[in-house]
Amino acid sequence: MNQKVEFEVEEEEEERSRIPISERPEWADVRPLPQDDGPNPVVPIAYSDEFSETMDFFRAVYLADERSARALELTQEAIFLNSGNYTVWQFRRLILEALSVDLREELEFIDQIAKNNTKNYQIWHHRRWVAEKLGSNVASNELQFTGEIFSQDAKNYHAWSHRQWVLQTLGGWDDELAYCDELLQNDIFNNSAWNQRYFVVTKSPRLGGLEVTRDSEVAYAIKAILTKPENESPWRYLRGLYKNDVNSIANDPRVASVCVDVLTNEKECAHALNMVLDLLCNHYQPSIELKNAIDALSDNSDLELAKKVCSVLQLVDPMRANYWEWRKTTVPARD
Amino acid sequence: MGELEIVKHVKYILTVEKKKDDFESVVMEHLRLNGAYWGLTTLDILQKLDTVDVNEVVSWIMECQHESGGFGGNIGHDPHVLYTLSAIQVLALFDKIDVLDIDKVADYISSLQNEDGSFSGDIWGEIDTRFSYIAICSLALLHRLDKINVEKAVEYIVSCKNLDGGFGCTPGGESHAGQIFCCVGALAITGSLHHIDKDLLGWWLCERQVKSGGLNGRPEKLPDVCYSWWVLSSLIMIDRVHWIDKGKLVNFILDCQDKENGGISDRPNDAVDVFHTYFGIAGLSLLEYRGLKPIDPAYALPVDVVNRIFLRK
């Protein structure tokens, strides 16, 4: 906690009152070590004075392998100047181990920097290292932390990766499906939340796996599709629930039915047309409604239904015209 | 629409990082070896690698090597596979892989393979399919793939395949174009592309093209020039690149140039950096833009460099 307060003060006053390390009495015995960029560096880097000085002292303690309290402080300063420096983080872990520091304080320290550096690999890796050492009683803390990140950036890849690791290593599955639902309520287009939902229904020890959850999940996906038919994610989720097996998909009457519903209101919806195409390519016998919905899209009555769908897709999605042209070649010959 | 400002981009690469107090220079200090790879590979694609002093680069790179055999991001930094691959790639550009103690480097990389076939990035153990790619690409360039269990490595990558045909960082991780490049690249190098459902993945990848012509890395995300590399190289490796609108993508990349001072940004009118400059130009190379050397989609090195390594006995 003390550490936390110190940082806030330090950050505010840094501009005015930073005492150069060389003028601090506790560092009087250390000779800073400048960066060796070689005699004639190809891409010479000009660093700011503060950064140079901090890193010069860091190099000195690092090479002396000084695992001390002041070295820990110094890594903190170096991290504030550049939180991406891999060597500083690694040395910090060695010091933390050597000094047996309370790692809960370390988590608080990470909180301070993590919020402004949510895409920094080193910070996430460090956090995982600390959380693993602290064990399952920090599971809820970690889930909450990633939740705070998602409230700013709901698709943060690092945070999702951390969250999946926490669930699998430290536990905390109980409310995860509800959490996915909460995120999807906020943004039905959030593909990360859809991915997490699939992760939960397939891996949660609480839910019994895909066989048990499939039926209700199909209903969930269909509801999402009807809300925003142009949303790629629930369409893929729906396929995923059937492991992309078109025969199983075709055997669920709800799938063809949602396509008809969507095409009735939004006749150029590429995802719905694509699903219809998959069904037709699998010898699915279309209902009158589905046939009418497709006939309404194109007046080219010479083409068979599946090829007609491809032609429509080429028109409504011209950027991928070659893809739809290729799909046309995969339409099986009429029996 | 405009042209590729080749002369200005060369000048940008050669002067990048020289600015005092530049944010990028502070950020770059620890990953200078990655920066060297991005910058020098760009110069090579632009056919201007001869403007660089080979010996200076090579001796600096060798000073970044750690006693473990791995490379740090700069002199005195700790080793990680991320920098080790960059070191090997830059040496490959100059036909200088021979300066390495090849077995020492290969032993460092192979020591990071885990029981399940995955790779850690360093001794601290973070696991990610990025590191699988890096290990496999590095060892292939060193002709030392026999030092790891390739079958297990492939098995792990396949375990990260998702319902949409893409790949994530670990099993269950969301499909992301950057991770997909790593997994497809590793499978291509090891001759294991049959594990990919090419039509399914190809469809997901071509859905990444948005109205502006640019590519995003995940559904509903903004386009970014870096995906011109990650998505495009993956599409090429699985032979589905004709499914996107290449002309629109070329225009999107050209729109991201700083036409005055050189360099390429993530999106039109943003600040340029060396990372996006590399990905933009590498992407244009994959699109066979005139005047550029062709680049290999799996090894991320110019094709002539790759041929020099693999067609030599």
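User: What does buried area mean for two chains?

Analyst: Two parts that are put together lose accessible area, taken with a 1.4 Å probe. Summed over both parts, that lost accessible area is the buried area.

User: This is a predicted model. How much area do chain A and chain B bury between them?

Analyst: The size of an interface is often given as the accessible area lost when the parts come together. Of the area buried here, 51% is on carbon and sulfur atoms. The total for chain A and chain B is about 5500 Å².

User: Which residues of chain A lose the most area to chain B?

Analyst: Three residues of chain A stand out, and together they make up 15% of what that side buries. They are A:Tyr157, A:Arg236 and A:Met319.

User: How many residues does each chain bring to the contact?

Analyst: Both chains take part in the contact. Chain A gives 56 residues, and chain B gives 60 residues.

User: How many residue pairs are in polar contact across the interface, and which helices of chain A supply residues to that side?

Analyst: The rule finds 20 residue pairs in polar contact between chain A and chain B, with both residues at pLDDT 80 or more. On the side of chain A that touches chain B, several helices each supply at least two residues. Among them are H2 (49-63), H4 (86-99), H8 (157-170) and H12 (232-241) of chain A.

User: How many salt bridges join chain A and chain B, and which residue of chain A does B:Arg208 pair with?

Analyst: Side chains of opposite charge can pair when their charged atoms come close. The count between chain A and chain B is two salt bridges. In the one formed by B:Arg208, the closest N and O atoms are 3.0 Å apart. The partner of B:Arg208 in chain A is A:Glu232.

User: Where in chain B is B:Arg208, and is B:Arg208 buried or exposed?

Analyst: B:Arg208 sits in the loop between helix H10 (198-206) and helix H11 (227-237) of chain B. Its side chain also makes a polar contact with the side chain of B:Asn216, at 2.7 Å. Leaving aside neighbours within four places in sequence, B:Arg208 is in contact with residues including A:Glu232, B:Leu215 and B:Val231. The relative accessible area of B:Arg208 is 1%, which is under 20%, so B:Arg208 counts as buried.

User: What parts of chain A does the salt bridge between A:Glu97 and A:Lys133 tie together?

Analyst: The closest N and O atoms of A:Glu97 and A:Lys133 are 3.6 Å apart. A:Glu97 is partly exposed at 39% relative accessible area, and A:Lys133 is partly exposed at 45%. The two residues are 36 apart in sequence, so the pair ties together helix H4 and helix H6 of chain A.

User: How far apart are the closest N and O atoms in the salt bridge of A:Asp174 and A:Arg206?

Analyst: A:Asp174 is in the loop between H8 and H9 of chain A, and A:Arg206 is in the loop between H10 and helix H11 (210-227) of chain A. A:Asp174 is exposed, with a relative accessible area of 56%, and A:Arg206 is exposed with 52%. Their closest N and O atoms are 2.4 Å apart.

User: A:Asp295 and A:Lys308 meet in a salt bridge. Which of the two counts as buried?

Analyst: A:Asp295 is in helix H16 and A:Lys308 in helix H17 of chain A, 13 residues apart. A:Asp295 has 36% relative accessibility, so A:Asp295 counts as partly exposed. At 4% relative accessibility, the residue that counts as buried is A:Lys308.

User: Which element of chain A has the lowest mean pLDDT?

Analyst: Chain A has a mean pLDDT of 89, and 91% of its residues reach 70 or more. Over residues 1-15 of chain A, however, the pLDDT is below 50. Helix H9 (residues 176-186) of chain A has the highest mean, 98. The lowest mean, 42, belongs to helix H1 (residues 2-17) of chain A.

Terms used
Residues numbered from 1 in each chain as written. Chains lettered and ligands numbered in written order. Heavy atoms only, no water. Contact = heavy atoms within 4.5 Å. Salt bridge = Lys/Arg side-chain N within 4 Å of Asp/Glu carboxyl O. Polar contact = N/O pair within 3.5 Å; in protein donor to acceptor, adjacent residues only side chain to side chain. Helix = DSSP H or I, 4+ residues; strand = E, 2+ residues; numbered from the N terminus. pLDDT = per-residue confidence, 0-100. Buried < 20%, exposed > 50% of the residue type's maximum accessible area, 1.4 Å probe, protein only.
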